[in-house]
Amino acid sequence: MSPPEQDAPPERDPETLALFLEESLEALTRMEQLLLDAERGTRSPDLLATLFRDLHTIKGTSGFLSLFKIVALSHAAEDFLAKVRDDAIALTPAHLRRLMEVIDLLRTLIVNVRECGDEFDTDVNPLVATLRDEAAHPPRAEEEQQTAALGGAPSSDPAATTASAPAPSGEEPRSMSVKDLMGGGPPLQHGDPAAGTVRVSVALLDRLMNLMGELILSRNRIIQLVKMHSAGDTDSQEACQRLRQVTSEMQEGIMKTRMQPVARVFDPIPRMVRDLCQATGKRVSCHVEGTATEIDKALVEVIRDPVVHMVRNAIDHGIEPHETRLAKGKLPVGTLSIRAAHESGMVKIEIEDDGRGIDPDKLRAKAVEKGLITAAEAAALSDREALELVYRSGFSTADKVTEISGRGVGMDVVRNHVEREGGQVELDSVVGKGTVMRLKMPLTLAIIPALLVRVGKQRFAIPQASLVDLVYLNETQAATSIEHVRDAAVYRWRGQLLPLVRLDSLFKLRPAVEGQARQSGLLQGPTAPPDENVSIVVVAARQRRYGLIVDEIEDTEEIVIKPISSELRRLACYSGATVLGDGSVALILEAQGIAAMSGIDLFSSTSRAAPSTKGAEEGARGQSFVLFHAGDRALMAVPLRMVSRLEHVPRAGIERVAGAEVVQYRGSILPVVRPEAVLPIGRTSAPPSEIQPLIVFDFGHRVGMAVDEILDIVTLTLESDSSDGSTPATLGKAVVLGRTALVLDVYDIVRRLAPQFVFERRKGERPPRLLVADDSNAMRTALAGYLRTQGFEVHDVSSGDDALRELRAQRGRYDAVVTDLAMEGLDGFGLIRTLQQEQPQLPVFAWTYQDDVGVTERALSVGARACVHKLRREELVAALQDCGIAGGRRANDGRRDA
């Protein structure tokens with residue numbers, strides 16, 4: 001059936017055509033996956049039925065739309081499958097490849113129609129003729145046997161010279177009969193994704209999202225007006241809280257309509273791996289996980305090309321040929337694992353191979369050879385810094401240019417593409433073991449949480465994804481903590497020298513201030529202390545941390561990103577703008593752009609500081625706390641780093657179940673605890689409001705603390721002897737605006753009231769110094785606070801890599817190390833093992849949730865002095881004391897709740 005000549009494209013109903021294009025592309029993807037499974041030997045019981053149904057649908061609808069080339073090709077493929085169904089043809093690997101060619105050509109035709117409105121001059125006749133010839137003249141039995149033995153087409157078939165990817169199991173492919181295709185293998189689930197769904201125009205979704213943004217702006221404006229003009233009006237405030245709740249739920253619902261499974265990115269990968277294996281002659285087993293993980297529709301296209309590039313790199317650069325792998329003692333078939341999951345409000349995609357890894361020495365040599373750095377600079381790079389060289393423009397380690405790689409257009413483009421949309425790219429590699437590429441993207445680009453800051457009369461928004469910490473220094477602390485290295489202001493922050501950037505000077509908002517600051521020593525200049533308090537926002541740009549000095553830190557707010565003019569868009573320090581609740585416009589700051597404008601090198605690691613001065617130690621002890629009222633107007637505080645969210649829920653929604661309070665929260669049941677249940681602070685005498693403030697913590701499961709009123713976020717400094725053990729469930733006391741505030745031990749309160757929801761995965765007169773490493777902010781802060789009440793001086797870090805860098809820079813400073821075992825990057829086992837080699841005299845204690853004898857034995861075998869369960873922290877203090885590391889208080893002082 002040859003297509004008739006067409007002088008001009010016929011009239012086609014746009015709605016029918018759009019449905020046909022979408023359904024056909026989905027069907028082609030489904031058929032391609034079935035054929036890939038069959039090629040690997042995994043047989044679907046409905047393979048033939050699905051292929052027939054999809055090809056028949058494509059043929060029928062394309063005929064109705066006068067797409068005659070699609071009709072001809074799908075009809076020929078349908079006739080060929082009829083012969084297979086009638087058992088006249090035993091399907092061979094060559095036939096599977098032929099059907100793959102059909103799918104590829106159909107996809108090309110359909111994309112042409114979608115993009116340009118017609119099939120154009122794509123020639124389908126050769127493939128149609130081949131299909132009809134093979135259907136009319138099926139191979140003889142001896143040819144089929146020969147084909148099965150060779151794993152390809154008969155020698156007379158031109159396709160016989162095309163290499164196919166060997167099966168991962170090492171078995172030779174064979175021909176398949178109808179019995180093979182219709183049953184006998186494990187059933188595959190290929191459900192209809194359209195069942196129970198309604199197709200909605202993308203334009204309508206975009207319109208709803210824009211309206212949602214305007215609604216959020218209006219909501220913020222109304223709340224601001226009520227705060228200004230109706231502060232004492234309870235009805236207005238309750239209406240605002242209800243508006244906030246309904247708007248948030250509506251936003252969440254509309255966001256879900258835009259969410260698409262990341263399978264749209266992952267589905268083509270098995271086919272791509274197969275084709276790359278044929279091109280390179282390598283053997284690779286591809287494992288894809290987390291295809292149901294959802295991401296905003298706009299980001300699906302953003303991540304598609306970076307993921308494809310990283311997969312190609314893994315196969316071309318990473319995984320070795322099977323002969324090389326056998327010589328190294330590896331399995332002949334390489335493994336490529338692709339995973340997607342939600343993590344901390346972002347989508348994390350990992351691409352891991354078990355190949356040769358990336359050699360830092362080779363990277364240094366290539367960078368010097370290409371003139372990107374000097375030999376002296378290369379020698380000064382650590383292995384971690386050397387890995388960053390792969391992101392330099394024009395950098396490639398390929399020995400020759402191929403169709404796959406070697407042109408120097410690579411990871412720099414990937415990183416820039418991802419970071420432009422608010423994402424991050426990370427790389428970990430071990431020579432001889434393999435490489436892991438991590439790509440992290442926000443769930444959406446339209447509405448994001450941000451921190452509002454003020455500089456002069458101008459307000460700016462800093463995306464929460466870039467935030468690391470908030471630091472407030474009074475005049476005395478600023479005078480002792482802010483130092484100068486080569487005329488550049490730096491601050492000692494968690495063992496690092498943190499570069500500081502004054503936004504008012506960078507943006508020239510107040511030129512006079514710059515002169516005053518230079519005289520005061522804050523920007524540069526000699527010795528005079530600054531005569532002002534300093535607020536520092538610590539931000540992250542790639543692997544670098546630096547501080548932004550602002551006049552005032554205001555509040556967090558959900559902002560709607562608006563585009564900015566072309567003149568401002570050329571400035572790398574701005575990523576957009578937003579309208580605030582009072583109607584004013586705030587520019588959204590871009591951390592990388594500010595770093596570039598300030599001359600901060602993003603390719604080098606942050607310097608480690610020399611031993612801390614007294615002022616730096618005082619600044620380190622100052623932490624940010626959430627201040628609130630509870631009980632009978634008792635003033636209380638909890639560490640900000642432990643807080644997951646601040647919420648307001650209807651008081652009527654709090655239920656009592658089995659003697660405990662719970663509330664339905666974001667699709668789950670949230671347990672509710674109250675400080676007055678364990679502290680003698682009385683109960684509120686104020687009339688009950690309809691709205692209940694909640695401070696939400698995350699200990700593996702979320703837990704809400706019900707309070708009377710959330711007041712502010714403040715910076716407090718706890719005195720070392722402020723907690724004497726007389727008050728349970730507290731870390732100490734602090735003075736705030738002339739009143740004494742109790743600092744709560746949140747971990748202790750939650751463990752007492754809701755222990756089932758604490759589920760973490762992961763010598764002289766001076767007090768003993770401990771280094772705590774744990775990648776959970778909540779658990780790390782809780783443990784550090786508890787250890788301080790026991791008389792220890794504690795410094796905490798969020799990873800094994802940070803702990804190792806700190807211990808190398810501050811060798812001899814610490815008396816012991818407490819480390820979690822399950823951390824990303826260098827885990828606890830690796831940290832203990834490394835310290836046994838580098839600092840064997842330093843005692844290390846393992847700290848884990850895993851109540852497993854095997855884990856304990858493994859930790860002890862690599863050198864841990866003890867392995868303590870996270871729910872039994874008193875045992876950790878006892879273990880430290882048994883090792884001769886005693887704090888100011890005895891461990892049994894805290895065993896009242898054990």
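Mentor: A salt bridge is counted when a side-chain nitrogen of Lys or Arg lies within 4 Å of a carboxyl oxygen of Asp or Glu. The model is a predicted one, in which local features need pLDDT of at least 70 and side-chain atom pairs count only at pLDDT 80 or more, while totals for chains, interfaces and linings use all residues. Residues are numbered from 1 along each chain as its sequence is written, and side-chain values use heavy atoms, with hydrogens and water left out.

The salt-bridge rule gives a count of 39. One of them joins Lys328 to Glu320, with the closest N and O atoms 3.3 Å apart. To describe the setting of such residues, I call a residue buried under 20% relative accessible area, exposed over 50%, and partly exposed in between, with a 1.4 Å probe and protein chains only. The areas themselves come from the Shrake-Rupley method with that 1.4 Å probe, and for residues only the protein chains shown count as cover. Lys328 has a relative accessible area of 47% and is therefore partly exposed, whereas Glu320, at 0%, is buried.

A second pair is formed by Glu350 and Arg339, whose closest N and O atoms are 2.9 Å apart. Helices (H or I, at least four residues) and strands (E, at least two) are DSSP runs, numbered from the N terminus. Glu350 is counted as buried because its relative accessibility is 12%.

Asp383, at 47% relative accessibility, is partly exposed, and Arg364, at 12%, is buried.

Salt bridges also form a network, which links Glu32, Asp104, Arg107, Arg271, Arg274 and Asp275.

A related interaction is listed under another heading. The side chains of Glu134 and Arg98 make a polar contact of 3.0 Å (a pair of N or O atoms within 3.5 Å; within protein, one must be able to donate a hydrogen and the other to accept it, and residues adjacent in sequence count only if both atoms are side-chain atoms). Glu134 sits in helix H5 (residues 125-136) and is buried, since its relative accessible area is 12%.

From charged groups I turn to a nonpolar one. Val200, Leu204, Leu208 and Leu211 make a nonpolar surface patch of about 310 Å². Patches are built from residues with over 30% relative accessible area and no salt bridge; like charges are joined within 9 Å, and nonpolar side chains (Val, Leu, Ile, Met, Phe, Trp, Tyr) within 5 Å. Val200 is placed in the loop between helix H7 (178-182) and helix H8 (202-229), and its 42% relative accessibility makes it partly exposed.

Two further loop residues deserve a backbone check. Lys508, in the loop between helix H19 (503-506) and helix H20 (511-520), has a phi near 55°, a positive value in a residue other than glycine. Lys508 is exposed, at 64% relative accessible area. Arg633, in the loop between strand S19 (623-630) and strand S20 (634-639), has a phi near 60°, again positive in a residue other than glycine. Arg633 is partly exposed, at 47%.

In helix H24 (residues 746-753), six of the eight residues are buried, namely Val746, Tyr747, Asp748, Ile749, Val750 and Arg751. In strand S31 (residues 793-797), four of five residues are buried. Strand S30 (residues 769-773) runs parallel to S31, and five bridges join them (two strands pair if DSSP finds at least two bridges between them). Leu770 has Val794 of S31 as its bridge partner. Between S30 and S31 the chain passes through helix H25 (residues 777-789), and this β-α-β crossover is right-handed. That label applies if, with the strands pointing away from the viewer, the path from the first strand over the helix to the second runs clockwise.
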